[in-house]
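This report concerns a two-chain structure and is meant to be read next to the sequence and the coordinates.

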Amino acid sequence: MKGRVWKFGDAISTDHIIPGRYFYLRSNLPELSKHIMEYERPDFSGEVSHGDFIVAGENFGQGSSREHAAIVIKMNGIQAVLAKSFARIFYRNCFNNGLPAVICDTEKFGEGDVLELFLEEGRIVNYSRDETVSFLPLPPVMKQILSDGGLVEHVKKYGNIRLDF
Amino acid sequence: MGMTLAEKILSEHSGKEVRAGEIAVVKVDLAYAQDGTGPLAVRKIQEMGFEKVSNPQKTFFFLDHAAPSPRFELSNDHNFLREFSERTGCQVSEVGYGISHQVVAEKEVKPGEVVIGADSHTCTGGALGAFATGAGSTDVAVAMALGKIWLRVPETLRVVVEGELPVGVYGKDIILHLIGRIGAAGATYKALEFTGDTIGRLEMAGRMTIANMAVEAGAKVGTFSSDEITRDWLNRMGRPGDFKKSTPDPDAIYEKTIEIDARTLSPTIACPHQVDHIRTIDEIGEVRVDQVYLGTSCNGRLEDLRVAANILKGKKIHPKTRMIVTPGSRLVYIEALKDGTMETLIEAGALTMPPGCGACVGLHEGVLGDGEVCLATQPRNFKGRMGSPNSFIYLGSPAMAGATAIEGKIADPRKYL
Ligand code: SF4
């Protein structure tokens, strides 16, 4: 599926993705997800379309462990987050919710570029620039969680954690 | 070949020898969540189809972020957690009993344990010689339901701190200095292991401050060897039987060693809006402050409150600055009431809040308005964290908080010591 690039900078924290002051909406995910990235881009939730990409720089998702950050990205229809690097907890949270987080050279993507992600093959085609960007394959654990449809589905399937690689 | 503290603890908990880079499924000794992450964790447990948790005695829900609740939605979340706990036998730490990381350090965490919390500052428990790390609600739900978690065994950066700490310089300054050097992503996916004679002398409060902020450098854990200071802490908490030796092997393999000469450190500040925007007090210039916030899982211990009280004793806070003090736990609160620390702070003009996270996450009890500036002892200063996205958070030690409250601008605590 093709999607458009929405570009963000370095050091986007989970507080940027979903501000702490919406703490009270955490049991109301549809409402909460409207506030995604609102300090960075007011009305991001209204502008983004199903299948789009969030593209960022270093240390995306730093800070609080709130899984709601990964969840609101997924709920807004983003198909994957591409960044130069990710914070640890956020990275896990993405895959646990079936949202791919891909480490790659995001300098190669500009705002509004149209991309297609080929996860298995480790490449992203940038149709706007007629360019292909490859990335290192996902860690096997993450691949498995993703193919199971997230960690909840994984545990439902096996009744256990089956990730001894 | 020797093992780091992280490798040792994870090997003991996975039933086989595991090394940096390997994936291990490890037994979890203690699992917890707070009121912001707990409801989602419970829903995930239910989604997975579990009716109970694996070890209810060691499964905790802390009502600490919204305590007492400022909104009905959050009161509903609290009740959701209370009802689940009642049904499953899990433990609830009620409103007013304090911040999860402080309470577990007082009552639960033991050297050598694996501790998983649905809060990024779970790493605070590393101060006691545990492998304590934060995770999202789903990972914690699995840890609660199955009593285990998968982890990638981290490479370890060894941080050696040596030399006498100068007057007015504390654990907070050590960790801010380190983050300034390696950056907010400087230890991503890695363990930080703290050692050296300065660390050996540092009391538990200082170690907890350092361990707490390990995650601000991206680390999975910030570990310390257990020693006599750990033993004294456990004795003080009425848990002498919980002591265990937890140390790395002398020939452990580290990815890198970072040396810090404590004698060269000075009071240090993180500037808005990023924790690795580090300045020393001599570089900071004039920064007028509307609010001083003393407390949080980083610096809400008795020692922290005392340091600030010593500076504020017999003085008044600046008329244009408010100072808010939130003890980390009920135990801290009671001790600070008994020894006169609270009285000193209140007489100087501070406001006190019930034990909990208080103003740290911008929910209540000190929310910043447009353009306002806060000097806080908390671990984090992201844009908008304490309220308006147009406010500014500087991070410093409790001593700096005391000095700043007096002067109404970021001030050097050394003048008052
Ligand atoms: S005090 Fe602040 S940093 Fe610590 S757990 Fe509470 S909200 Fe998080």
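The sections below take up the interface, the pockets, the cavities and some backbone features of this predicted model.

## Interface between chains A and B

The contact between the chains involves 42 residues of chain A and 53 residues of chain B. The size of an interface is often given as the accessible area lost when the parts come together. Here chain A and chain B bury about 4000 Å² between them, with 60% of that area on carbon and sulfur atoms.

Two salt bridges are counted between chain A and chain B. Asp15(A) forms a salt bridge with Arg385(B), and the closest N and O atoms of this pair are 3.5 Å apart.

## The chain A side

Five helices of chain A give two or more residues to the side that touches chain B: H1 (14-17), H4 (68-75), H5 (88-96), H6 (140-148) and H7 (151-158). H5(A) gives the most, with six residues. Sorted by class, this side of chain A holds 17 nonpolar, 15 polar and ten charged residues.

The largest pocket has a volume of about 340 Å³. It is lined by 16 residues, and those closest to its centre are Tyr91(A), Pro139(A), Ile23(B), Arg152(B) and Tyr189(B). H5 and H6 of chain A and strand S7 (148-152) of chain B each supply at least two residues of this lining. By class, the lining of the largest pocket consists of eight nonpolar, two polar and six charged residues.

The second largest pocket has a volume of about 260 Å³. Its lining counts 21 residues, and Leu165(B), Tyr170(B), Gly171(B), Leu202(B) and Glu203(B) lie nearest its centre. At least two lining residues come from each of the chain B helices H6 (171-182), H7 (197-201), H8 (204-212), H11 (302-312) and H14 (398-407). The lining of the second largest pocket divides into nine nonpolar, six polar and six charged residues.

## Cavities

Four cavities of 30 Å³ or more are present in the structure. The largest cavity has a volume of about 240 Å³. Its lining is made of 22 residues, of which Gln34(B), His65(B), Asp119(B), His121(B) and Arg385(B) are the closest to its centre. Arg385(B) is also the residue that forms the salt bridge with Asp15(A).

Helices H4 (100-107) and H10 (296-299) of chain B each supply at least two residues of the lining of the largest cavity. By class, this lining has six nonpolar, eleven polar and five charged residues.

## Backbone features of chain B

Ala67(B) and Pro68(B) are joined by a cis peptide bond, with omega about -5°. Pro68(B) belongs to the loop between strand S3 (59-62) and helix H3 (72-88) of chain B. The peptide bond from Pro272(B) to His273(B) is cis too, with omega near -10°. His273(B) sits in the loop between strands S12 (268-270) and S13 (278-280) of chain B.

Tyr189(B), one of the residues closest to the centre of the largest pocket, has a positive phi near 70° although it is not glycine. Tyr189(B) lies in the loop between H6 and strand S9 (191-195) of chain B.

Technical notes: Residues are numbered from 1 along each chain as its sequence is written. Chains are lettered from A and ligands numbered from 1 in the order in which they are written. This is a predicted model: local features need pLDDT of at least 70, side-chain atom pairs count only at pLDDT 80 or more; totals for chains, interfaces and linings use all residues. Side-chain values use heavy atoms; hydrogens and water are left out. Contact means heavy atoms within 4.5 Å. Buried area is the accessible area (1.4 Å probe) that two parts lose on being put together, summed over both. A salt bridge is a side-chain nitrogen of Lys or Arg within 4 Å of a carboxyl oxygen of Asp or Glu. Helices (H or I, at least four residues) and strands (E, at least two) are DSSP runs, numbered from the N terminus. Ala, Val, Leu, Ile, Met, Phe, Trp, Tyr, Cys and Pro count as nonpolar, Asp, Glu, Lys and Arg as charged, and the others, Gly among them, as polar. On a 1 Å grid over the protein atoms alone, a cavity is a set of points where a 1.4 Å probe fits but cannot get out, and a pocket is an open set with protein on both sides within 12 Å along at least five of seven lines; lining residues have an atom within 4 Å of a point. Grid points are joined across faces, edges and corners, and a volume is the space filled by probe spheres set on the points.
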